[in-house]
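The sequence and structure are shown first, and the description follows.

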Amino acid sequence: KDFIDLMTNMVFAMFLGVVFIYLVLSSLYESFVTPFTIVLALPPAITGALIALLITKNGLDIFSMIGLVMLLGVVAKNSILLVDYTVQLVHSGVEETEAIVQAGRTRLRPILMTTLALIAGTMPIALGLSEASRQRVSMGVSIVGGLISSTLMTLVVVPSAFGYIESFRKYCESKFEKWRGRAS
């Protein structure tokens, strides 16, 4: 019963975290559509973490859930690095496809450095090298598995989805402007 309460509260906390990330990004980009590009990297992170826990035969416990919460923040940060720079380039006049490619090239190193540093720092926990870290193995495994899958998705899926999501945003804006023009 306590574990079910814990799971419910952790899932609710993760849900609230994602909602707050989305709301902050919506106000930052002044759009309700653009933040979907960033939030798109979160499900592969959770999936990668759960698959890593399954492969290593670790259970879903309090430590792995804490790892998932931390993972969501890091993954969102990596996506923000990529999308924010792309948006800056587009606003400065660079063509959208070129902006996506240029942002990918420019932000590849910071994203990989963040990911590899976190993986290197988490590996002793994931391997359970000391007596104290054996309890937290599931946290390390969930972080490493989620980072690997989400980094691949951030570098491949987020840039390709950016173009489609921005096209949808422009389409919605044009329809809204037409509707607003008729209402006046």
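## Overall architecture

From the N terminus on, the elements of the protein chain follow the order α-α-α-α-α-α. The model is a predicted one. Its secondary structure amounts to six helices and zero strands.

Taken along the principal axes, the C-alpha atoms of the protein chain fill a box of roughly 65 × 40 × 25 Å. The chain has 184 residues, of which 39% count as buried. Among contacts with a separation of 6 or more, 73% join residues 24 or more positions apart.

## The largest nonpolar core

In soluble globular proteins, nonpolar side chains tend to be buried together. In this model, the largest nonpolar core has 37 residues, and the members touching the most other members are Y29, L42, L71, V75, V83, V141 and L147. Two or more residues of this core are given by each of α1 (2-29), α2 (35-39), α3 (42-55), α4 (62-91), α5 (96-127) and α6 (137-183). The largest share, 11 residues, comes from α4.

L42 is one of the core members that touch the most others. Its contacts, leaving aside neighbours within four places in sequence, are V18, L72, V75 and A76.

## Packing of α3 against α4

Two packed helices are described by the angle between their axes and the distance between the axes. For α3 and α4, the axes come within 9 Å and cross at roughly 145 degrees. The crossing of α3 with α4 is right-handed.

On the α3 side, the contact is made by L42, A45, I46, A49 and L53. On the α4 side, S64, L68, L71, L72, V75 and A76 take part. By class, the residues of this contact are 10 nonpolar, one polar and no charged. L42 of α3 belongs to this contact, and L72, V75 and A76 are among the residues it touches.

## Packing of α4 against α5

The axes of α4 and α5 lie 8 Å apart, and the two helices pack at an angle of about 155 degrees. Because angles over 145 degrees count as roughly antiparallel, α4 is roughly antiparallel to α5. Their crossing is right-handed.

The contact of α4 with α5 contains 13 nonpolar, seven polar and three charged residues.

## Two individual residues

Is T115 buried or exposed? T115 is placed in helix α5, and it counts as buried because its relative accessibility is 4%, under the 20% cut-off. Not counting residues up to four places away in sequence, T115 touches N78, L147 and T151. Of these, L147 is also listed among the core residues that touch the most other members.

F3 is found in helix α1. With a relative accessibility of 41%, F3 counts as partly exposed, because this value falls between the 20% and 50% limits. Apart from neighbours within four places in sequence, F3 is in contact with L60, D61 and M65.

Notes:
Residues are numbered from 1 along each chain as its sequence is written. This is a predicted model: local features need pLDDT of at least 70, side-chain atom pairs count only at pLDDT 80 or more; totals for chains, interfaces and linings use all residues. Side-chain values use heavy atoms; hydrogens and water are left out. A nonpolar core is a set of buried Ala, Val, Leu, Ile, Met, Phe, Trp, Tyr and Cys residues joined through side-chain atoms within 4.5 Å. Buried means under 20% relative accessible area, exposed over 50%, partly exposed in between (1.4 Å probe, protein chains only). Helices (H or I, at least four residues) and strands (E, at least two) are DSSP runs, numbered from the N terminus. Contact means heavy atoms within 4.5 Å. Axes are lines fitted to C-alpha atoms, for helices over the stretch in contact, and angles run from 0 to 180 degrees between N-to-C directions. Angles under 35 degrees count as roughly parallel, over 145 as roughly antiparallel, 65 to 115 as roughly perpendicular and the rest as oblique. A crossing is left-handed if the near helix is turned anticlockwise from the far one by less than a right angle, and right-handed if clockwise. Ala, Val, Leu, Ile, Met, Phe, Trp, Tyr, Cys and Pro count as nonpolar, Asp, Glu, Lys and Arg as charged, and the others, Gly among them, as polar.
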